[in-house]
Protein chains: 2
Amino acid sequence: MRAVASELAVTPMAVYHYVDDKDHLLRLAYEDISSAWGPLRLTGRSWEDALREHLISIWEGLARYPGLGAYLIERPNINVTPEGLAAGIQFFEDAGFPPVEARLAWSYALTYIHGRISVDAHLGHRPEAPRLEGLRARDYVTFGVDAVIAGLQAIRTQHAPERAGAKT
Amino acid sequence: MRAVASELAVTPMAVYHYVDDKDHLLRLAYEDISSAWGPLRLTGRSWEDALREHLISIWEGLARYPGLGAYLIERPNINVTPEGLAAGIQFFEDAGFPPVEARLAWSYALTYIHGRISVDAHLGHRPEAPRLEGLRARDYVTFGVDAVIAGLQAIRTQHAPERAGAKT
DNA sequence: ACCTGAACACCGTTCAAGT
DNA sequence: ACCTGAACACCGTTCAAGT
């Protein structure tokens, strides 16, 4: 709050005229960037492609606000609105997951990407800044999102005996 | 610090006689519980079983110190010692991953489990406390760890053409 | 060695007041 | 409507001092 105020060359209390408290301010910041990606939806593309794009969008959006990702993981309620949660579960049900697995799958995907964002935020890395062995932050996310998708594919296959509708 | 002191019915400054600062105290707490799980090693068992046990151990250990997991994700340097990092990479190389993928795989597994711990910490959940639809915190981790492993299996298979040594 | 007391620099935030 | 000033309750921490 005080940092924001001094950035605006204003008294700390001036900020409170526009915003209820720190939480409110961060919620606004999140709402601003989260409008960049829509709700997760299965439109035409494979669920794998839709999920990949969605997760990468979240990561790219939050990577632009260093520290916000770290803050969000402390407030799981901000980014997981009831509608967002329902949309994610619906997405995985549409993709062929049973209801319980759909919820677990959505939680899994979000948990991973938020963990990644939080780690990146605290390591202070820009997406393309090189790290150990020349690996960039983006390489870690790309690998991670691929692994998330591959893992969910495997789990989905266990529950959906065959792509075509097998009776049992 | 002040909370610790009052818990011990002592002045805040008394704590500083035993500990350099807050960071030091938390590092000690982490060292205490991390001794419960050894370094990740491939001894006899399949890498899948070894990894599963390791990740679950981390989760169970940190779940007993609510808030510590949330704090650790802010300090990626505490829990990822050079030795721990090297051991993890070695583990995945032993499991048949190429060097770069081994590093990415290890980072991936740790990122997921820390994300999970952090979310659990902030939701204030005990491992067996029931959540939405009767799912317990443990169900989320079990699903997640299975998904992590399944994802890594798929990636490993891409790089290791067949279990038996194919020349190409 | 072990602990206290006063104080400092930093937060987020309330309350009353100014224009 | 927009902003300031003084103040409060809370941190982690330093410094000097007590036994």
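View 1. A polar contact is a pair of N or O atoms within 3.5 Å. In this predicted model, a polar backbone atom of B:Lys22 and a phosphate oxygen of DNA strand D make such a pair, 2.9 Å apart.

**View 2. Two further residues reach phosphate oxygens of DNA strand D.** From chain B, B:Tyr16 uses a polar side-chain atom, which lies 3.0 Å from a phosphate oxygen of DNA strand D.

**View 3. Residues of both chains surround DNA strand D.** Of the DNA strand D atoms that come within 4 Å of the protein, 53% belong to sugar and phosphate. The residues of this surface divide into seven nonpolar, three charged and two polar.

**View 4. Chains A and B as a pair.** Chain A can be laid on chain B by a rotation of 180° with 0.0 Å of shift along the axis, giving an RMSD of 0.1 Å. The two copies are therefore related as by a two-fold rotation axis. They meet through the same surface, because 100% of the interface residues of chain A are also interface residues in chain B.

**View 5. Confidence along chain A.** The average pLDDT of chain A is 88, and 89% of the residues score at least 70. Residues 164-168 of chain A have a pLDDT below 50, and this stretch has two contacts in the model beyond near neighbours in sequence.

Notes:
Residues numbered from 1 in each chain as written. Chains lettered and ligands numbered in written order. Predicted model: local features only at pLDDT ≥ 70, side-chain atom pairs only at ≥ 80, totals over all residues. Heavy atoms only, no water. Least-squares fit on C-alpha atoms with pLDDT ≥ 70 in both. Contact = heavy atoms within 4.5 Å. Near = heavy atom within 4 Å. Polar contact = N/O pair within 3.5 Å; in protein donor to acceptor, adjacent residues only side chain to side chain. Nonpolar A, V, L, I, M, F, W, Y, C, P; charged D, E, K, R; others polar. pLDDT = per-residue confidence, 0-100.
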